[in-house]
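Please examine the structure shown below.

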Amino acid sequence: MADDLGRILEQATQIWHKKLREALASQGPPSALGAGAAVLEQLGAGGLPQTQLTARMGLSKQAVQQLLDALEADELLVRVQDTVDRRIKHVQLTAAGQAAAKARQQAQAALELRCKDALGKKEFKRLRKSLRAVIDRNV
């Protein structure tokens, strides 16, 4: 069914990510797009232990490892061994990684503004509130 809610949400998400990738395509390495961008977003300024990042991402250890390898190769992050427990690796953004994360935030804000302009302020607010309610109620 083309009009069922799941399909509509899926299509909206696909369009959102496509527009976001297009906006960021010229601003950094490919590893900073898609799932790599989600890693950068999760890390923030302080970084995280790799195990905590993996749990937050909801991906396998192997998948996160591959993402981190690509981001590290592009010098967007570093993995630093914990000084107390050598089994723990902390993942931290480099200056380039922080710039890529900031570019993503700016691109998201611009895309959100485009959506607000397309829907109108009131309808956009209602959409955000409705989607938040679906999430909060874990429907």
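**Loops, pockets and salt bridges**

Glutamate 75 is exposed, because its relative accessibility is 59% (exposed means over 50% relative accessible area, buried under 20%, and partly exposed in between, with a 1.4 Å probe and protein chains only). Glutamate 75 sits in the loop that runs from helix H4 (61-73) to strand S2 (77-81), where helices (H or I, at least four residues) and strands (E, at least two) are DSSP runs numbered from the N terminus. Although glutamate 75 is not a glycine, its phi is positive, at about 60 degrees. The model is predicted, so local features need pLDDT of at least 70 and side-chain atom pairs count only at pLDDT 80 or more, whereas totals for chains, interfaces and linings use all residues. Residues are numbered from 1 along each chain as its sequence is written, and side-chain values use heavy atoms, with hydrogens and water left out.

Serine 31 is buried, with a relative accessible area of 14%. Its C-alpha atom is separated by 14 Å from that of leucine 20, 11 residues apart along the chain.

The largest pocket holds about 930 Å³ of space. A pocket is, on a 1 Å grid over the protein atoms alone, an open set of points where a 1.4 Å probe fits, with protein on both sides within 12 Å along at least five of seven lines; lining residues have an atom within 4 Å of a point. Of its 25 lining residues, Ala12, Trp16, Cys115, Leu127 and Leu131 are the closest to the centre. H1, helix H5 (95-119) and H6 each supply at least two residues of this lining, and H1 gives the most, with 9 residues. By class, the lining of the largest pocket divides into 14 nonpolar, 4 polar and 7 charged residues.

The second largest pocket holds about 180 Å³. Its lining includes Pro49, Thr54, Lys61 and Arg87, and helix H3 (50-57) and H4 each supply at least two of the lining residues. Here the classes are 3 nonpolar, 4 polar and 3 charged.

On the surface, Leu5, Ile8, Leu9, Leu119, Leu127 and Leu131 form a nonpolar patch with about 480 Å² of accessible area together (a patch of this kind joins nonpolar side chains within 5 Å, from residues with over 30% relative accessible area and no salt bridge). Helix H1 (5-24) and helix H6 (121-136) each supply at least two of the patch residues, and H1 gives the most, with 3. Isoleucine 8, in helix H1, is partly exposed at 35% relative accessible area.

The whole structure has 9 salt bridges, each a side-chain nitrogen of Lys or Arg within 4 Å of a carboxyl oxygen of Asp or Glu. One of them pairs arginine 104 with glutamate 41, the closest N and O atoms being 3.1 Å apart. Because arginine 104 lies in helix H5 and glutamate 41 in helix H2, the pair ties together parts that are 63 residues apart in sequence. Arginine 104 is buried at 11% relative accessibility, whereas glutamate 41 is partly exposed at 44%.

Within helix H6, arginine 126 and glutamate 123 are 3 residues apart, about one turn of the helix, and form a salt bridge with closest N and O atoms 2.9 Å apart. Arginine 132 and aspartate 136 also meet in a salt bridge, at 3.5 Å from N to O.

Notes:
Patches are made of residues with over 30% relative accessible area and no salt bridge: like charges are joined within 9 Å, nonpolar side chains (Val, Leu, Ile, Met, Phe, Trp, Tyr) within 5 Å. Accessible areas come from the Shrake-Rupley method with a 1.4 Å probe; for residues, only the protein chains shown count as cover. Grid points are joined across faces, edges and corners, and a volume is the space filled by probe spheres set on the points. Ala, Val, Leu, Ile, Met, Phe, Trp, Tyr, Cys and Pro count as nonpolar, Asp, Glu, Lys and Arg as charged, and the others, Gly among them, as polar.
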